[in-house]
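Me: Please take a close look at one part of this model. I want the helix packing, residue by residue.

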Amino acid sequence: MDLYHLPLSAPCQAVRLVAKALGLHLNLKELDLFTDEQLKPEFLKINPQHVIPTLVDNNFVLWESRAIVTYLCEKYGKNDGLYPKDPKKRAMVNQRLFFDMGTLYQRFSQAYYPVMMEGKELNPENLVKLDEAFEFLENFLDKTTFAAGDKLTVADFSLLASITTIHVITGYDLTKYPNIHRWYEQVKESVAGHEEICVEGAKNFAEKFNFTK
(Lines give C-alpha, C1' and ligand atoms only; values in the text may rest on other atoms or scores of the structure.)
Protein backbone atom coordinates (compact mmCIF):
# COMPACT_ATOMS: atom_id res chain seq x y z
CA MET A 1 0.00 0.00 0.00
CA ASP A 2 1.17 3.48 -0.83
CA LEU A 3 0.51 6.39 1.52
CA TYR A 4 0.94 9.88 0.13
CA HIS A 5 1.67 11.99 3.17
CA LEU A 6 3.56 14.83 4.80
CA PRO A 7 5.38 13.97 8.05
CA LEU A 8 4.35 17.30 9.59
CA SER A 9 0.65 16.51 9.24
CA ALA A 10 -1.22 15.18 12.28
CA PRO A 11 -3.87 13.43 10.13
CA CYS A 12 -1.10 11.69 8.19
CA GLN A 13 0.55 10.73 11.46
CA ALA A 14 -2.68 9.14 12.69
CA VAL A 15 -2.81 6.86 9.64
CA ARG A 16 0.77 5.78 10.21
CA LEU A 17 0.07 5.03 13.88
CA VAL A 18 -2.94 2.85 13.07
CA ALA A 19 -1.08 1.02 10.31
CA LYS A 20 1.74 0.33 12.75
CA ALA A 21 -0.71 -0.99 15.34
CA LEU A 22 -2.17 -3.33 12.71
CA GLY A 23 1.26 -4.52 11.58
CA LEU A 24 0.83 -3.09 8.09
CA HIS A 25 3.66 -1.88 5.88
CA LEU A 26 3.09 1.42 4.12
CA ASN A 27 5.13 2.65 1.19
CA LEU A 28 5.51 6.25 2.28
CA LYS A 29 5.44 8.78 -0.54
CA GLU A 30 6.09 12.26 0.77
CA LEU A 31 4.36 15.22 -0.86
CA ASP A 32 5.51 18.73 -0.02
CA LEU A 33 2.35 20.80 0.02
CA PHE A 34 4.40 23.95 0.52
CA THR A 35 5.88 23.59 -2.97
CA ASP A 36 2.58 22.41 -4.52
CA GLU A 37 3.73 18.86 -5.22
CA GLN A 38 0.12 17.77 -4.65
CA LEU A 39 -0.88 19.71 -7.76
CA LYS A 40 1.35 17.77 -10.13
CA PRO A 41 -0.59 15.96 -12.87
CA GLU A 42 0.50 12.51 -11.71
CA PHE A 43 -1.00 13.04 -8.27
CA LEU A 44 -4.14 14.73 -9.59
CA LYS A 45 -4.83 11.54 -11.55
CA ILE A 46 -4.78 9.64 -8.27
CA ASN A 47 -6.67 12.21 -6.20
CA PRO A 48 -8.36 15.09 -8.02
CA GLN A 49 -9.08 16.72 -4.65
CA HIS A 50 -5.27 16.76 -4.14
CA VAL A 51 -5.31 16.33 -0.36
CA ILE A 52 -3.29 14.16 1.97
CA PRO A 53 -3.17 11.62 3.40
CA THR A 54 -4.14 9.56 0.38
CA LEU A 55 -3.99 5.76 0.50
CA VAL A 56 -3.60 3.57 -2.58
CA ASP A 57 -4.37 -0.07 -1.87
CA ASN A 58 -3.97 -1.83 -5.21
CA ASN A 59 -6.66 -0.16 -7.34
CA PHE A 60 -8.52 1.32 -4.39
CA VAL A 61 -7.84 4.98 -3.58
CA LEU A 62 -9.05 6.67 -0.41
CA TRP A 63 -8.38 9.99 1.28
CA GLU A 64 -9.40 11.70 4.54
CA SER A 65 -7.46 10.25 7.45
CA ARG A 66 -10.45 9.19 9.55
CA ALA A 67 -11.91 7.27 6.62
CA ILE A 68 -8.53 5.65 6.00
CA VAL A 69 -7.99 4.45 9.56
CA THR A 70 -11.43 2.86 9.75
CA TYR A 71 -10.91 1.20 6.36
CA LEU A 72 -7.58 -0.25 7.47
CA CYS A 73 -9.18 -1.68 10.59
CA GLU A 74 -12.12 -3.18 8.73
CA LYS A 75 -10.04 -4.75 6.00
CA TYR A 76 -6.86 -5.74 7.82
CA GLY A 77 -7.69 -5.85 11.53
CA LYS A 78 -7.43 -9.32 13.07
CA ASN A 79 -10.38 -8.39 15.30
CA ASP A 80 -12.63 -5.41 15.89
CA GLY A 81 -10.69 -4.14 18.90
CA LEU A 82 -9.69 -0.79 17.41
CA TYR A 83 -12.94 -0.28 15.50
CA PRO A 84 -15.77 -2.19 17.17
CA LYS A 85 -18.57 -3.74 15.12
CA ASP A 86 -21.24 -3.14 17.74
CA PRO A 87 -23.36 -0.31 16.25
CA LYS A 88 -23.46 1.82 19.38
CA LYS A 89 -19.77 1.44 20.16
CA ARG A 90 -18.85 2.12 16.54
CA ALA A 91 -21.09 5.19 16.46
CA MET A 92 -19.27 6.57 19.49
CA VAL A 93 -15.89 6.00 17.84
CA ASN A 94 -17.14 7.73 14.70
CA GLN A 95 -18.46 10.66 16.72
CA ARG A 96 -15.07 11.17 18.36
CA LEU A 97 -13.33 10.95 14.98
CA PHE A 98 -15.69 13.58 13.58
CA PHE A 99 -15.16 15.71 16.69
CA ASP A 100 -11.41 15.56 16.10
CA MET A 101 -11.80 16.53 12.45
CA GLY A 102 -14.56 19.11 12.67
CA THR A 103 -13.98 20.69 16.07
CA LEU A 104 -10.65 20.09 17.79
CA TYR A 105 -8.16 20.04 14.93
CA GLN A 106 -10.19 22.52 12.91
CA ARG A 107 -10.13 25.05 15.76
CA PHE A 108 -6.39 24.54 16.22
CA SER A 109 -5.76 25.18 12.52
CA GLN A 110 -8.03 28.22 12.50
CA ALA A 111 -6.21 29.67 15.50
CA TYR A 112 -2.61 28.88 14.69
CA TYR A 113 -2.16 28.33 10.95
CA PRO A 114 -2.49 32.06 10.16
CA VAL A 115 0.03 32.82 12.92
CA MET A 116 2.53 30.19 11.82
CA MET A 117 2.19 30.45 8.06
CA GLU A 118 1.21 34.08 7.50
CA GLY A 119 2.78 35.83 10.48
CA LYS A 120 -0.55 37.15 11.75
CA GLU A 121 -1.35 37.91 15.36
CA LEU A 122 -3.13 35.25 17.39
CA ASN A 123 -6.85 36.02 17.50
CA PRO A 124 -8.03 35.70 21.13
CA GLU A 125 -11.49 34.62 19.97
CA ASN A 126 -10.00 31.65 18.13
CA LEU A 127 -8.07 30.65 21.23
CA VAL A 128 -11.30 30.74 23.26
CA LYS A 129 -12.87 28.39 20.72
CA LEU A 130 -9.89 26.04 20.96
CA ASP A 131 -10.18 26.07 24.75
CA GLU A 132 -13.84 25.20 24.39
CA ALA A 133 -12.94 22.19 22.24
CA PHE A 134 -10.60 20.96 24.96
CA GLU A 135 -13.37 21.46 27.51
CA PHE A 136 -15.65 19.26 25.41
CA LEU A 137 -13.01 16.53 25.33
CA GLU A 138 -12.40 16.91 29.05
CA ASN A 139 -16.08 16.25 29.59
CA PHE A 140 -16.05 13.20 27.30
CA LEU A 141 -13.14 11.72 29.23
CA ASP A 142 -14.87 12.27 32.55
CA LYS A 143 -17.09 9.33 31.67
CA THR A 144 -14.69 6.96 29.90
CA THR A 145 -11.08 5.79 30.20
CA PHE A 146 -10.40 6.26 26.51
CA ALA A 147 -11.83 8.64 23.94
CA ALA A 148 -14.78 6.47 22.92
CA GLY A 149 -15.15 4.01 25.78
CA ASP A 150 -13.15 1.78 28.05
CA LYS A 151 -10.87 0.40 25.33
CA LEU A 152 -8.33 1.95 22.97
CA THR A 153 -9.79 2.65 19.51
CA VAL A 154 -8.84 4.50 16.36
CA ALA A 155 -10.45 7.59 17.90
CA ASP A 156 -7.61 7.68 20.42
CA PHE A 157 -4.99 7.45 17.65
CA SER A 158 -6.50 10.36 15.74
CA LEU A 159 -6.91 12.53 18.81
CA LEU A 160 -3.42 11.62 20.03
CA ALA A 161 -1.88 12.91 16.81
CA SER A 162 -3.90 16.13 16.97
CA ILE A 163 -3.25 16.85 20.63
CA THR A 164 0.45 16.06 20.33
CA THR A 165 0.70 18.57 17.49
CA ILE A 166 -1.15 21.21 19.51
CA HIS A 167 0.83 20.55 22.68
CA VAL A 168 4.28 20.39 21.09
CA ILE A 169 3.84 23.34 18.73
CA THR A 170 2.01 25.76 21.00
CA GLY A 171 2.99 24.55 24.46
CA TYR A 172 -0.71 24.16 25.24
CA ASP A 173 -1.04 23.31 28.93
CA LEU A 174 -2.79 19.95 29.16
CA THR A 175 -2.58 19.92 32.95
CA LYS A 176 -5.48 22.41 32.98
CA TYR A 177 -7.62 19.42 32.04
CA PRO A 178 -7.06 16.51 34.45
CA ASN A 179 -8.93 13.95 32.36
CA ILE A 180 -7.15 14.88 29.13
CA HIS A 181 -3.80 14.93 30.88
CA ARG A 182 -4.43 11.50 32.39
CA TRP A 183 -5.57 10.13 29.01
CA TYR A 184 -2.66 11.69 27.12
CA GLU A 185 -0.01 10.33 29.48
CA GLN A 186 -1.55 6.86 29.24
CA VAL A 187 -2.14 6.73 25.50
CA LYS A 188 1.17 8.21 24.37
CA GLU A 189 3.00 5.44 26.23
CA SER A 190 0.83 2.66 24.84
CA VAL A 191 0.71 3.68 21.16
CA ALA A 192 3.79 2.50 19.29
CA GLY A 193 5.46 5.13 17.14
CA HIS A 194 4.14 8.16 18.98
CA GLU A 195 7.52 9.70 19.68
CA GLU A 196 9.11 9.28 16.27
CA ILE A 197 5.97 9.93 14.23
CA CYS A 198 3.95 12.50 16.19
CA VAL A 199 6.40 14.31 18.46
CA GLU A 200 9.15 14.59 15.85
CA GLY A 201 6.63 15.58 13.19
CA ALA A 202 5.25 18.35 15.37
CA LYS A 203 8.75 19.62 16.21
CA ASN A 204 9.61 19.74 12.53
CA PHE A 205 6.35 21.57 11.82
CA ALA A 206 7.26 24.28 14.32
CA GLU A 207 10.83 24.50 13.04
CA LYS A 208 9.73 24.82 9.42
CA PHE A 209 7.82 28.00 10.22
CA ASN A 210 10.26 29.19 12.85
CA PHE A 211 7.38 29.17 15.31
CA THR A 212 8.26 29.50 18.97
CA LYS A 213 5.88 29.04 21.88
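What follows is a walk through helix 7 and helix 8.

Reply: A caution to start: this is a predicted model.

Take helix 7 first. Helix 7 spans residues 178-190, 13 residues in total. From first C-alpha to last, helix 7 reaches 19 Å, close to the 18 Å expected at 1.5 Å a residue. Its buried residues are N179, I180, W183, Y184 and V187. Viewed down the helix axis, these buried residues fall within an arc of 125°, so they line one face of helix 7. The face turned away from that buried side carries the exposed residues P178 and E189. The buried residues pack against three partners: helix 5 (124-140), helix 6 (154-170) and helix 8.

Now helix 8. Helix 8 covers residues 194-208 and also packs with helix 1, residues 10-21. The angle between helix 1 and helix 8 is about 175°, and their axes lie 10 Å apart. Angles over 145 degrees count as roughly antiparallel, and helix 1 and helix 8 are therefore roughly antiparallel to each other. Helix 1 brings Q13, R16, L17 and K20 to the contact. Helix 8 brings H194, E196, I197, C198, G201 and A202. By type, the contact residues divide into 4 nonpolar, 3 polar and 3 charged.

V199 is buried, because its relative accessible area is 8%, and the cut-off for buried is under 20%. Leaving out residues up to four places away in sequence, V199 touches T164, V168 and H194. H194 also takes part in the contact with helix 1. V199 and M116 are 83 residues apart in sequence, and their C-alpha atoms are 18 Å apart in space.

Methods: Residues are numbered from 1 along each chain as its sequence is written. This is a predicted model: local features need pLDDT of at least 70, side-chain atom pairs count only at pLDDT 80 or more; totals for chains, interfaces and linings use all residues. Side-chain values use heavy atoms; hydrogens and water are left out. Axes are lines fitted to C-alpha atoms, for helices over the stretch in contact, and angles run from 0 to 180 degrees between N-to-C directions. Helices (H or I, at least four residues) and strands (E, at least two) are DSSP runs, numbered from the N terminus. Angles under 35 degrees count as roughly parallel, over 145 as roughly antiparallel, 65 to 115 as roughly perpendicular and the rest as oblique. Contact means heavy atoms within 4.5 Å. Ala, Val, Leu, Ile, Met, Phe, Trp, Tyr, Cys and Pro count as nonpolar, Asp, Glu, Lys and Arg as charged, and the others, Gly among them, as polar. The expected span of a helix is 1.5 Å times one less than its number of residues. Buried means under 20% relative accessible area, exposed over 50%, partly exposed in between (1.4 Å probe, protein chains only). The arc is that of the directions from the helix axis to the C-beta atoms.
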